[in-house]
Amino acid sequence: MSWMKKLAEVYDYNDHQVGEFEERRKQRMTLLPVSHVMQSAQIAVLLTQDGEFHSAKVIDKENARTIVPATPNSANRSNSSAPHFIHDKLVYVAGDYVHYGGDVKFAEHHQHYKKQMKEWSESEAVSSKIQSVYQYISKGHLIKDLVDAKILYLDNGGKLLNKWPATAEGEKPEIYKVAPSEASAAFVRFDVLHETADDSVIWEDKDLFENFIVFLNATNEMENGICYITGEQTNLTTQHGSRIRNAGDMSKLISANDDAGFTYRGRFAKPTEAVQIGYEISQKAHHALRWLIQRQGTYVDSRYFITFGKEQTEILSQFDGTKELYASCGEDFVDIFAEDIEEQGKQLADTEELVAAELNKAIQGLRHTLSKEDLENVIVMALDAATKGRLAIVYYQELSIDLFLDAILHWHNTCKWLQTTKDPATNKMKTFIGTPSTYRLAEAVYGSKGDSRIKKDFYTRMLPCIVERKPLPNDIVSLIFNRVKNPFSFKNTMESWEATLQIACALINKQYESEGYTVAIQEENNSRDYLFGRLLGVAEVMERSVLKERDENRATNATRYFNAFSQHPARTWMVIRKQLSPYFQRPGSSTGYYAMLMQKIEDQLAVDQMTDAPLGPVFLLGYSSQIQEMYTKKGEKEHVSIEK
């Protein structure tokens, strides 16, 4: 259960963020106080300090988030009567709910709400705002006031109009646009006229948060015992937080309510015999986890991933590509991806070394920054739900900051290849040597239309490869290798075969990292797969240049026979060689360059290598490197001519 302890420490370290709203990902969020939940309100009611109705309005969705004081029962309520404090649904806060057509069985909901509000309003050092709210709700005519204020509407029988008739004339009132299902299900929040301009609204009043926590601790009866997380004597709870991943997520990480399903029966008489968890640490851990997911979580389908530190919550993402990693390390490192990156190193080898050096510099700069913050450990977590009620931690790893940064640096130095991206600002293509993001890896391996459930498993399987330096699963490399071997399967799709090839090369380079492959051509490499790849690369560039001169837009023989070549290289190469013969008869200097290069590579192939045994993934590395080398050395072929 160390994850709960770490999350509680995150909460304590960031307690200054409690109740402080910030905007992230186009939504307002905050770290919740203990014994509070976040709800979306649809109606705001403003009261006078004497407890009289002043005004009301419908709340738009952007401003609906409301911090609500809650008990363990109300935070986990289902169908039973368990009211929140201050703010709640109409069925709880409106004393005239039954009078206006509500089911009589809900009459006790308001009585329970009013009773607990009375207890708080009469407690010591209570805020006058709470007393004002209690004075008003005890009068029991909230729906009448909302109808008079034209917030709610009645039907011809004088009952609450839950849904706006489709045949009604005029524009639909605002409440029917924002209510979750029907008007009677609307959530109401209260506020009291402010005495000063600096006075906070009730649902963001930090003094009120503290006052409620003290009141609840004094009045709420809980079992006392040793908390297994802290080892301290404290109030225990068997009711733990839900809505962890999003507002509609009712699944829980810890649950003991299945007393009829023999989850713990037969071994224990009651849940606390299985595990004892303190109420406060449970609240802090779940609130911190929810806050971290909202601020910096990554999700694929139903699986959420977060990486954080206790002292500094925002850590660079292990799923980022090299380009995104530079951006997260600081502005000083973004310039390396300028449009003229190739000009910084004329040869591919120079460019590759340049990117590696800059990447190391960026990580070292980040390491220095984080060490100044005394950041000890980094936690990487992944959560998912197999059912609607049960949430699980499917991956958890805790590493020192040095090990984490070293692992990130190692990943970006080994799983890299030539990458091409489009600059959204200039709409131009930019090329650099680096690591693709995990999102691009998943899209390349499974295709843009791949099942999101498979892709979320891919993210989880990649985590040990990135943060623990474990080898890539062989099936992942096999999948993308088999995709790339069929260029014509990419016809008329949103995917690019060339871009997928580059990503495949990055993964293959990672799988064979011990052999030290580079984007720059390795002319001394006599690997059979690598040499055959180089031969096909020469054939591709040669025919493509001829077709360009003729202004013909068709597939080359190298592309057409790509799959066959990977399966039967020797036999298919003879076919391609024969198809290229007419091009060698053309006058011009460039054909001599290609003929010389092919002959040189063929000479490197030993007799026992010229067979039809299928080629392995390294074939793609030789193919890609040869093409890039030839495009960066266009001038050399002009110095070679063919004798007539």
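Over which residues does pLDDT stay under 50, with 20 contacts beyond four places in sequence in the model? Select residues 635-644 to see that stretch. Here pLDDT is the predictor's confidence in each residue, from 0 to 100, and contact means heavy atoms within 4.5 Å.

This is a predicted model, in which local features need pLDDT of at least 70, side-chain atom pairs count only at pLDDT 80 or more, and totals for chains, interfaces and linings use all residues. Residues are numbered from 1 along each chain as its sequence is written, and side-chain values use heavy atoms, with hydrogens and water left out.

Now colour by confidence: the chain's average pLDDT is 88, and 91% of the residues score at least 70. Residues 339-346 have pLDDT below 50, and the model gives this stretch 13 contacts beyond near neighbours in sequence. Where pLDDT is low, the predicted coordinates should not be read in detail.

Next, select F404 and L620, the residues with the most contacts inside the largest nonpolar core, which has 90 residues. Such a core is a set of buried Ala, Val, Leu, Ile, Met, Phe, Trp, Tyr and Cys residues joined through side-chain atoms within 4.5 Å; buried means under 20% relative accessible area (1.4 Å probe, protein chains only). Helix α17, residues 528-550, gives the most to this core, with ten residues; helices are DSSP runs of H or I, at least four residues, numbered from the N terminus.

Stay on helix α17 and pick V546. V546 is buried, because its relative accessible area is 3%. Leaving aside neighbours within four places in sequence, V546 touches Y583 and R586.

Terms used: Buried means under 20% relative accessible area, exposed over 50%, partly exposed in between (1.4 Å probe, protein chains only). Helices (H or I, at least four residues) and strands (E, at least two) are DSSP runs, numbered from the N terminus.
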